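Please work through the exercises below with the sequence and the model beside you. Each begins with a task and is followed by a solution in steps.

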Amino acid sequence: MINQLVLVREWHPLVLILIGLIVGLVVYVIYRLGNPSFKETRYKREPFLSGNVSPGESKALHIGGSNLYWGFTRALKKYFKPLVGAHTGIVNDYIYWFIITIAIVMVVLYFV
Amino acid sequence: MNIESILEGWLLNVVFIFLISFIGIFLGLLYKGFDRKISAMMQSRIGPPIIQPFRDVRKLLTKETIVPENAIEWIFNGAPIIALIAPLVALMYLPIGPFSPLLEGYGDLILVLYLLAIPAIAMAVGGFSSSSPYATVGAQREVVLMMSYELPLAISAITVAWKMNEIVGPETNPFSLQVISSNPIWGHVGLIGGLGIALIVFTLFAVLPGELSKEPFGQAKAKTEIADGVFVEYTGRNLGLFYIANTVQMIVLASLIITLFFPYQLSNLLERWIILQGPILPIVEMGVWALLVDVVFYLFKLLLIIYFGVSLVRVAFARFQIDKASYFYWVPISIIGLLGLLFVVVGATV
């Protein structure tokens, strides 16, 4: 019985999209349940920053790639530190890595 | 099949979608009330009444919606809607108590896990789009946390699917929730495998507060530290939708754990008991009673999972630093999950 059902009803992305749209309608209904007395409910104001001046659109708000994963990289720093150290930026070092890796691969291939 | 019958079927399905959505939201808010009450009692407080979350939502829906300057408005307003749609859609793929899922077979465990990741992404995107430094920090933390708990979550899913593949054979989709719930995993693993599954259950319970951004993994909205983080700029209806989304997500996760590991029903025992009683109880009404008992049993299982997975944990532990939280998921919990997988594999071969 299980096999039959699984064969009949397969993973279907269209179903997912349709259900998403219908559920979106449900969410919209909930959204509209709010107080209708506010005609124009949106107004702009500065973001909360504990009384400090907001940096606005400046780059102070920009989180770069190296900062985005802070916490993750710090948690696994024992793994990342040697990797970062290996990236010296000197072409000779990269060539050494290349030669060492080729040597290891060839040794492994020889024995296999 | 003519068009009328298809339309009729669809209309019925749309009614069911509305019904399941509202049941999911109702249960979510109700269990949020239980969670808050239980947590308060554990801290020797009286706590809010059980219906407080309903009042919170009603109030939030009546408040003004404010969009901060420099915010990307359409993303800022769209994020809470997406955050609520995803867990509600996931609910359609999960069995609710004795009832089969509405979209049985149209999606599987992998789909539900991806749908569960969407609210976290919506939170992060909403935080980044709000132009607030606090929200930006919160969103960054949410991204890191999500990257961290996905690995143990994936290990849990793979372990269950691997075992299911062995039980039902390669022709059936082992990720199918219907297959998993109709073959309770505990009956098919030995002692070693059982230990492995217990470790996997522990892993999933550890992921639960992370998915829900509850303490000790509430770094993204640390109130005392970054003033509610990702939600600092959210008000009114938008915050209300995020609030509801979080509660529905709690129900979806608890239902997922029930489906994966505790899909048992009490009605079978009840049937046997009624047969033993002989003519004292009428057999005709057994179907309704069995259904009722299974629904009550499902609600009880939900309560137990939310108590042990959310309430107890968030009262017992203080918030981790984000790097400690990331380490927690990547190293100890992943190792426990992998050990669970190993035990299940070893248990199957021995």
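**Exercise 1: a helix of chain B**

Helix H3 of chain B is mostly covered, since 16 of its 20 residues are buried, where buried means that 20 or more other C-beta atoms, placed from the backbone, lie within 10 Å of the residue's own. This is a predicted model, in which local features need pLDDT of at least 70 and side-chain atom pairs count only at pLDDT 80 or more, while totals for chains, interfaces and linings use all residues. Residues are numbered from 1 along each chain as its sequence is written, and chains are lettered from A and ligands numbered from 1 in the order in which they are written.

Solution. Helices are DSSP runs of H or I with at least four residues, numbered from the N terminus.

**Exercise 2: contacts of one residue**

Task: find which residues B:Ala83 is in contact with, leaving aside its neighbours within four places in sequence.

Solution. Contact requires C-beta atoms, placed from the backbone, within 7 Å. The partners of B:Ala83 are then B:Pro119, B:Ala122, B:Met123, B:Leu241, B:Phe242 and B:Ala245.

**Exercise 3: between the chains**

Task: state how many residues each chain gives to the contact.

Solution. Chain A gives 43 residues and chain B gives 55. On the side of chain A that touches chain B, H2(A) gives the most, with ten residues.

Terms used
Two residues are in contact if their C-beta atoms, placed from the backbone, lie within 7 Å. Helices (H or I, at least four residues) and strands (E, at least two) are DSSP runs, numbered from the N terminus. A residue is buried if 20 or more other C-beta atoms lie within 10 Å of its own, exposed if 12 or fewer, and partly exposed in between; C-beta atoms are placed from the backbone.
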